[in-house]
Amino acid sequence: MKKAHRHSQVKMMRRASRVYLNELNAGKAATVREFLHRCHDAVQYFVDLFWQREDFSADLADLDTVHRGRDRFGLTTRLAQALAKQAKEMVRSAQAQGKRRPKVRQHTVTLYSHFVKLERFDGSFDWAVRLIGSGAPRLVIPAKSTAHLNRFLADGWPMAKTVRLGRDHRKRLFVEFIVEKRRPPLKTQGSTEGMDSNYKKGVVLSDQQMVGQEVYERIQTFTKRQKNTKAEIKSLIGHALKQLDLSGVKKLCIENLKRVRCGTGGKFPRTLNRRMSHWLYAYIADWVARRCEELGVRLEWKNPAYTSTTCSLCDRCDRRSRVGDRFQCRHCGFSIDADLNAALNLKRLGEAGVYGLRSLPSWSFV
Ligand SMILES: [Zn+2]
């Protein structure tokens, strides 16, 4: 029973699209802020309770606990239940990742169909987010559609009945619309490929596709203007990644944890360089994971150890074979772009069905 349930959950793909409520009138904004504040405090209260009890189960919170939160924060039972559920998920995922007791930083609340109704709006706004009580305030939040949201709708992603309401770190209010679609079955036909990425060279696929090289050049010009940097890079890399053709790919292998490359040639201070490189890799990996899900491509995470210093032709691992952007094998003479060599190694891990290069019988450390 439990397994079947989990299975059916896995089959839905969900995406969120954030719309800022810049034009919300002051009275409504104050009501929403107050509501978010109360929800935030209640979620933290539940988190602390579950954590203290070491309750990391997936079960719903017991009614007794729900009532305690309800009475303490003046909520309805239904809202207290929803917030307890949110807290439970946070606690469970923190525990699963070996993290400490979660601090609820964000003022975000997920509102199910008991609390909210979405309607198309006529006039200068596109959506009416109608909060209908049950513990949420009763009010209508008008929201404009964005290009991001419209793209999902045009691509056939139906709007879910759930909406997220929140306040970001700059205290701006937003609504997150959720769109969802059934996940397509995994492809059974196609090739296995590896993908290497670094922020100097962009993304390299083992079938020789390369995208995003121009992003690094743009990053170099950003140095001082930190504020808009990430949004700009996201849009640049997103645009570049869309050029990747995965139509013939069945399985894609990427590195589990990015090795850090500290080039000395960069204009960034070393720490910034490193942070940027981590952040960018995480962003690319996320993007690719979503794309794979939508295309039915199996994504496999592989051990990054030795992928850049092993020859993809003769399997000998030697640091000295790596010379800058080239891989020049000291043993068999194979010469190839260093990132393409790494991507080919990842591809081979995928084909062999193993996690790391050391599991390949022909691999040797020189
Ligand atoms: Zn070789």
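Before placing any residue in a helix, I noted that helices here are DSSP runs of H or I, at least four residues, numbered from the N terminus. With that in hand I looked up Ala84, which is found in helix H4, residues 77-96. I also noted that the model is predicted.

**Entry: overall build**

I went through the whole protein next. I found nine helices and 17 strands. The C-alpha trace spans about 70 × 45 × 40 Å along its principal axes. The protein has 366 residues, and 45% of them count as buried.

For the surface I have an accessible area of about 19,900 Å². Carbon and sulfur atoms hold 49% of that area.

**Entry: helices H2 and H3**

I turned to a helix pair. Two packed helices are described by the angle between their axes and the distance between the axes. I looked up both values for H2 (residues 26-53) and H3 (residues 63-73). The angle is about 145°, and the axes are 10 Å apart. The crossing of H2 and H3 is right-handed.

Which residues of H2 and H3 meet? On the H2 side I listed Arg38, Asp41, Ala42, Tyr45, Phe46, Leu49, Phe50 and Arg53. On the H3 side they meet Thr65, Val66, Arg68, Gly69, Arg72 and Phe73.

I went back to Ala84. Is Ala84 buried or exposed? Ala84 counts as buried because its relative accessibility is 0%, and the cut-off for buried is under 20%. Not counting residues up to four places away in sequence, Ala84 touches Phe46, Phe50, Ala61 and Val66. Phe46 and Phe50 are among the H2 residues in the pairing with H3, and Val66 is among those of H3.

Leaving aside neighbours within four places in sequence, I found Cys39 in contact with Leu79, Leu83 and Val109. The C-alpha atoms of Cys39 and Arg18 are separated by 19 Å, and the two residues are 21 apart along the chain.

**Entry: Arg100**

I followed the chain past H4. Arg100 has its place in the loop between H4 and strand S2 (107-111). Is Arg100 buried or exposed? At 76% relative accessibility, Arg100 counts as exposed. Beyond residues up to four places away in sequence, Arg100 touches Trp51 and Ala94. Arg100 and Trp51 are 49 residues apart in sequence, and 9.3 Å apart from C-alpha to C-alpha.

**Entry: positive phi values**

Most residues other than glycine have a negative phi. Ser134 has a positive phi, near 60°. Ser134 sits in the loop between strand S4 (127-132) and strand S5 (138-143). At a relative accessible area of 27%, Ser134 is partly exposed.

Asp315 also has a positive phi, about 70°, and is not a glycine. Asp315 lies in the loop between S12 and S13. At 3% relative accessibility, Asp315 counts as buried.

I stayed with the S12–S13 loop for Thr309, which lies between strand S12 (298-302) and strand S13 (316-317). Thr309 is buried, with a relative accessible area of 13%. With neighbours within four places set aside, its contacts are Arg316, Cys317, Asp318, Arg319 and Phe327.

Phe327 came up again when I checked Ala338. Ala338 is found in helix H9 (residues 338-352). Its relative accessible area is 4%, so Ala338 is buried. Apart from neighbours within four places, Ala338 is in contact with Arg322, Gly324, Asp325, Arg326 and Phe327. Last, I noted the span to Ala147: 38 Å between C-alpha atoms, for residues 191 apart along the chain.

Terms used: Residues are numbered from 1 along each chain as its sequence is written. This is a predicted model: local features need pLDDT of at least 70, side-chain atom pairs count only at pLDDT 80 or more; totals for chains, interfaces and linings use all residues. Side-chain values use heavy atoms; hydrogens and water are left out. Helices (H or I, at least four residues) and strands (E, at least two) are DSSP runs, numbered from the N terminus. Buried means under 20% relative accessible area, exposed over 50%, partly exposed in between (1.4 Å probe, protein chains only). Accessible areas come from the Shrake-Rupley method with a 1.4 Å probe; for residues, only the protein chains shown count as cover. Axes are lines fitted to C-alpha atoms, for helices over the stretch in contact, and angles run from 0 to 180 degrees between N-to-C directions. A crossing is left-handed if the near helix is turned anticlockwise from the far one by less than a right angle, and right-handed if clockwise. Contact means heavy atoms within 4.5 Å.
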